[in-house]
Amino acid sequence: MSNRMLAALAVGSLVLVAGCSGSGTDAKSEAPTTNAESSPSVSQPKYTKFADFPGKGLVTTEPGLKLGVQVKPVDTSWAPELIGKSADPGNHYFAVYVAVTGELPDRGVENVKLSYLRLKFKTTVQKCGPVQSDTCYMEAYPSSGLDEVADGAWRNSTWSETIMGTNIERGETKIGVVGFKMPDMENAKSFELCGPTKDAEVDPDRFSCVPVKAPFRKAS
């Protein structure tokens, strides 16, 4: 075979090899981009468990019931309307948002209500109660049912009252709100959220209490 023929065969082989290697595709580089890869991740709402909320909680038992609940204030606001109720002229609601869970970690609680809670403070406006004391225990009204609410979303939630109460399953954390009607002229600075216990169902001076922050009030 002549040298010219050998050279032609060698060139043809090189062209064939190059054509085969170039016809394949790189799966990694050519793979379509998914939405998950191209779109920024959307943060999911957070639902904090009772023990992870900062601050102190109180153990309180509604009069007549055997099992109690743990209640922890998580936020407050100064509102002209709450749970569909408008405050009287010259008053606002001191709204306290609370996290609630069962008293015992291994069982739930049925028909939980918030209406038995009280707000304790030293009044600067008028005396309270039949003995006209400086220390006031204001009754919760209105009070909501309980629901699972994402962190920080409780102020914008549509709250409703419940007559029968709300069941709390074992280990579950739910959020609710209670309102305390307060004169606009009240200048008390220190507040506590209180509730009855198994040993003190009636006397508010013996209720279990925890501090609660004063709500922000716009200057009039």
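**Close-up views of a predicted model**

**View 1. Asp-75, Arg-155 and Lys-213 are joined in a network of salt bridges.** A salt bridge is a side-chain nitrogen of Lys or Arg within 4 Å of a carboxyl oxygen of Asp or Glu. The structure is a predicted model, in which local features need pLDDT of at least 70 and side-chain atom pairs count only at pLDDT 80 or more, while totals for chains, interfaces and linings use all residues. Residues are numbered from 1 along each chain as its sequence is written, and side-chain values use heavy atoms, with hydrogens and water left out. Between Asp-75 and Lys-213, the closest N and O atoms are 3.7 Å apart. Asp-75 lies in strand β2 and Lys-213 in the segment after β12, so the pair ties together parts that are 138 residues apart in sequence. Strands (E, at least two residues) are DSSP runs, numbered from the N terminus. Asp-75 counts as buried at 12% relative accessibility, and Lys-213 as exposed at 52%. Buried means under 20% relative accessible area, exposed over 50%, and partly exposed in between (1.4 Å probe, protein chains only).

**View 2. Lys-85 forms a salt bridge with Glu-161.** The closest N and O atoms of this pair are 2.6 Å apart. Lys-85 belongs to strand β4 (residues 85-86) and Glu-161 to the loop between β8 and β9 (166-168), so the bridge ties together parts that are 76 residues apart in sequence. Lys-85 is partly exposed, at 24%, and Glu-161 is partly exposed, at 40%. The whole structure has ten salt bridges.

**View 3. Val-100, Leu-119 and Phe-180 touch the most other members of the largest nonpolar core, which has 28 residues.** Such a core is a set of buried Ala, Val, Leu, Ile, Met, Phe, Trp, Tyr and Cys residues joined through side-chain atoms within 4.5 Å. Strand β5 (91-102) is among those that each supply at least two residues. The largest share, four residues, comes from β5. A second, separate core of 14 residues includes Phe-50, Phe-53, Ile-83 and Ala-87.

**View 4. Residues of three classes line the largest pocket.** The lining has three nonpolar, three polar and four charged residues. Ala, Val, Leu, Ile, Met, Phe, Trp, Tyr, Cys and Pro count as nonpolar, Asp, Glu, Lys and Arg as charged, and the others, Gly among them, as polar. On a 1 Å grid over the protein atoms alone, a pocket is an open set of points where a 1.4 Å probe fits, with protein on both sides within 12 Å along at least five of seven lines; lining residues have an atom within 4 Å of a point.
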